Every structure is written in C-alpha cells, then in structure tokens.
Amino acid sequence: MGEDDGLRWRERQRHAVRAHAAAEARQRAAEQAKAAELVAGFAAEALRRGLRSEPLRAVGYDGRGHYRTRLTGWYVDRARTRAVDTEGRFYLLSVPPGLRARLFGAQPEPTPPPLVVGRGGRDGESVPLATLLSLRLEAGDDWR
C-alpha cells in the first residue's frame with residue numbers, strides 16, 4: 001500500500017465517519033421533533049380535560065434534596081423526575097444540589113424529550129413516551 005493509497009483510505013474513512021454522524025444527527029432531530037409533538041399534544045389534552053396541574057419540584061442529583069421550581073405542570077413518571085409544564089415543554093427534574101437552590105429554588109431547563117424513556121437503562125425500565133403520556137392522561141387527577 002503506497003502513501004497515496006493510505007491518504008485516500010484515510011480520507012474515505014473520514015468522509016464515512018462524517019456521513020454517519022450527520023445521518024445520526026438527522027435521525028435524532030427527527031425523533032426529538034416527534035417527541036416534542038407528543039409532549040405538546042399531551043399538555044394541550046391535559047388542559048382540555050381539566051387535568052389538575054401542580055407546582056413542580058426538582059430533586060438533587062444525589063436524590064436527597066427537593067427544591068422548589070417556578071414550573072407548573074404534570075409529573076409523567078412515578079419517580080416524579082420527568083414532567084411536562086403547562087406550556088408543553090419536557091423537563092428532567094434533576095438538578096445540582098446546593099444552598100442557592102435550597103434558598104431561591106431550582107431553575108431546570110426544558111430538555112428535548114426522548115421517544116423512548118429510559119432507553120439504555122436496565123432491562124425492562126424503558127417505555128415509549130407515547131405510552132407514558134397516555135397512561136398519565138388516563139389516570140387523570142388520581143395519578144400518584
């Protein structure tokens with residue numbers, strides 16, 4: 001294999017890696033757009049049904065502290081770590097613990113929702129977002 005062959009091979013490899021990364025990014029963006037539609041639809045339907053929203057609280061990364069937030073919405077998992085606000089945005093309610101958050105409240109940022117919640121976690125702990133949101137709507141105000 002000559003030096004020119006090696007350069008061409010490396011360039012082809014770089015091109016293949018870039019193409020693969022671009023395809024993955026397009027797929028991730030499409031999934032996030034679909035998931036965002038599901039979340040916005042959930043919020044609209046929850047409001048239409050008169051589902052009672054509540055002030056959302058965040059939990060520290062260490063799992064010990066709970067912090068007020070300025071958010072109002074619905075928890076969508078039993079652990080109360082994932083929620084949708086009344087504006088139709090998805091939140092992971094885990095924040096860095098600290099005195100400032102304890103005194104003034106936490107300010108979690110909306111995150112792109114996944115199409116499958118818990119993907120990559122332990123076996124049996126993942127669920128399609130559509131299923132999770134549907135179960136939450138069906139439970140109504142009795143969900144806890």
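A residue counts as partly exposed when its relative accessible area lies between the 20% under which it is buried and the 50% over which it is exposed. By that criterion Arg80 is partly exposed, with a relative accessible area of 27%. The structure is a predicted model, and its secondary structure comprises 3 helices and 7 strands.

**Overall architecture**

- Along the sequence, the elements of the protein follow the order α-β-β-β-β-β-α-β-β-α.
- The protein is more spread out than a compact globule, because its radius of gyration of 21 Å is well over the 15 Å that the globule rule gives for 144 residues.
- The C-alpha trace spans about 70 × 35 × 30 Å along its principal axes.
- Of the contacts between residues at least 6 apart in sequence, 50% join residues at least 24 apart.

**Surface and charge**

- Buried residues make up 30% of the 144 residues of the protein.
- The accessible surface of the protein amounts to about 9,600 Å², and carbon and sulfur atoms contribute 52% of it.
- The protein carries 25 positive and 19 negative side chains, with the centres of the two sets 5 Å apart.

**Helix H3 and its surroundings**

- Helix H3 covers residues 129-139, and its buried residues are Leu129, Leu132, Leu133, Arg136 and Leu137.
- Viewed down the axis of H3, these buried residues fall within an arc of 130°, so they line one face of the helix.
- An α-helix has 3.6 residues a turn, so residues three or four places apart point the same way.
- The cover over the buried residues of H3 includes helix H1 (3-49) and the strands S2 (66-75), S3 (82-85), S4 (90-92), S6 (116-117) and S7 (127-128).
- Gly140 follows H3 and has a positive phi, near 60°.

**Individual residues**

- Arg80 is located in the loop between S2 and S3.
- The phi of Arg80 is near 60°, a positive value in a residue other than glycine.
- His20 belongs to helix H1.
- Exposed residues are those over 50% relative accessible area, and His20 counts as exposed because its relative accessibility is 51%.
- From C-alpha to C-alpha, His20 and Ser94 are 32 Å apart in space, and they are 74 residues apart in sequence.

Definitions and conventions: Residues numbered from 1 in each chain as written. Predicted model: local features only at pLDDT ≥ 70, side-chain atom pairs only at ≥ 80, totals over all residues. Heavy atoms only, no water. Helix = DSSP H or I, 4+ residues; strand = E, 2+ residues; numbered from the N terminus. Rg over C-alpha atoms; globule rule 2.2 N^0.38 Å. Buried < 20%, exposed > 50% of the residue type's maximum accessible area, 1.4 Å probe, protein only. Contact = heavy atoms within 4.5 Å. Areas by Shrake-Rupley, 256 points an atom, 1.4 Å probe, with all protein chains shown as cover. Lys, Arg positive; Asp, Glu negative; His and termini not counted. Charge placed at Lys NZ, Arg CZ, Asp CG, Glu CD. Arc of directions from axis to C-beta.
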